[in-house]
Amino acid sequence: MPPVKYRAPRPIRIKATKKYINPMSGPEILLGKSLVAHSPQRMSETHIDIGRKTLRTYLGRDLPFNVRVWATYPVTRKPEGTKMGQGKGSIAFFVDRTPAGKLIYNIPIMNPLSESFPGYPINWQPLRNIAGRMPMKCGYRAQYNSFPMDRLDLITQQKLQADQRKAETARSWWNKRKESSS
């Protein structure tokens, strides 16, 4: 048997394919209004910047918003007129490989009217304007965790009244049953 020689393993290059974007493991949920990608797509830095500028014009200087995608994946191109071979081209631009369900933009400010009046419609116009300019189909998500602690007295009074009504109906049913049996 010939001697076994040790050979160090070759480094594995993990190269993501152009067409396949790894899906997310679970949904991303943040408080406020969000623009969500409905299909996987590559977003260039121009798309991200257009959305950022549109949100800034709608919200003004004071209201904050979060950009949840970053163009960090390089895309290379060869110069025009170059024949096959001659190595890989230089970096032309950067993209973000956005999976379906990823939050693209988030406005964390809670709408005070939607908290006070649950039937009040949410203004989706800034996100609707951005969604039309994105390279993929997008949807909207609103997440408001409103806990009415200031109305705790009212809620406890309503529960007490409901319990009293239940007890009264149970007593009246029991009394009617006693009368009918005797």
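User: In this predicted model, which ring does the charged end of Arg 97 sit over, and how far from its centre?
Analyst: A charge counts as sitting over a ring when, among other things, CZ of Arg is within 6 Å of the ring centre. The charged end of Arg 97 meets the rule over the ring of Tyr 73, and its distance from the ring centre is 5.1 Å.

User: How many aromatic pairs are there, and is the pair of Trp 124 and Tyr 140 stacked or tilted?
Analyst: The count comes to 2 aromatic pairs. In the pair of Trp 124 and Tyr 140, the ring centres are 5.4 Å apart. Planes under 30 degrees apart count as stacked, and here they are at 25 degrees, so this pair is stacked.

User: Which parts does that pair tie together, and how many residues apart are they in sequence?
Analyst: Trp 124 belongs to the loop between helix H2 (112-116) and H3, while Tyr 140 is in strand S7 (residues 138-143). The pair therefore ties the loop to the strand, and the separation in sequence is 16 residues.

User: What about Trp 173 and Trp 174: is their pair stacked or tilted?
Analyst: Their ring centres are 6.2 Å apart. The planes of the two rings are at 45 degrees, so the pair is tilted.

User: How far apart are the end C-alpha atoms of helix H1, and what span should its residues give?
Analyst: H1 covers residues 45-59, which is 15 residues. At 1.5 Å a residue they should span 21 Å. The end C-alpha atoms agree with that, being apart by 21 Å.

User: Where do the buried residues of H1 fall when you look down its axis?
Analyst: The buried set is Ile 48, Gly 51, Thr 54, Leu 55 and Leu 59. Residues three or four places apart in an α-helix point the same way, because there are 3.6 residues a turn. Seen down the axis of H1, the buried residues fall within an arc of 130 degrees, so they line one face of the helix.

User: Which exposed residues are on the face of H1 turned away from its buried side?
Analyst: The buried residues of H1 pack against several elements, including strand S5 (90-98) and helix H3 (125-131). The face turned away from that buried side carries the exposed residues Thr 46 and Thr 57.

User: Which strands stand at the edges of the open sheet?
Analyst: The sheet has 4 strands, paired antiparallel in the order S3-S6-S1-S7. Two of them have a single partner strand each, so one side of each is left without a neighbour in the sheet; these edge strands are S3 and S7.

User: How many bridges join S1 to S7, and which residue in S7 is the bridge partner of Lys 33?
Analyst: Strand S1 (residues 32-37) runs antiparallel to S7, and 6 bridges join them.

User: What is the separation between the C-alpha atoms of Pro 99 and Gln 41?
Analyst: Pro 99 is in the loop between S5 and S6 and, at 11% relative accessibility, counts as buried. Among the residues touched by Pro 99 are Ile 21, Met 24 and Pro 40. Gln 41 is 58 residues away along the chain, yet the C-alpha atoms of Pro 99 and Gln 41 are separated by 6.7 Å.

Methods: Residues are numbered from 1 along each chain as its sequence is written. This is a predicted model: local features need pLDDT of at least 70, side-chain atom pairs count only at pLDDT 80 or more; totals for chains, interfaces and linings use all residues. Side-chain values use heavy atoms; hydrogens and water are left out. Helices (H or I, at least four residues) and strands (E, at least two) are DSSP runs, numbered from the N terminus. The expected span of a helix is 1.5 Å times one less than its number of residues. Buried means under 20% relative accessible area, exposed over 50%, partly exposed in between (1.4 Å probe, protein chains only). The arc is that of the directions from the helix axis to the C-beta atoms. Contact means heavy atoms within 4.5 Å. Rings of Phe, Tyr and Trp (its six-membered ring) pair if their centres lie within 6.5 Å; planes under 30 degrees apart count as stacked, over 60 as edge-to-face and the rest as tilted. A charge sits over a ring if NZ of Lys or CZ of Arg is within 6 Å of the ring centre and within 35 degrees of the ring normal. Two strands pair if DSSP finds at least two bridges between them.
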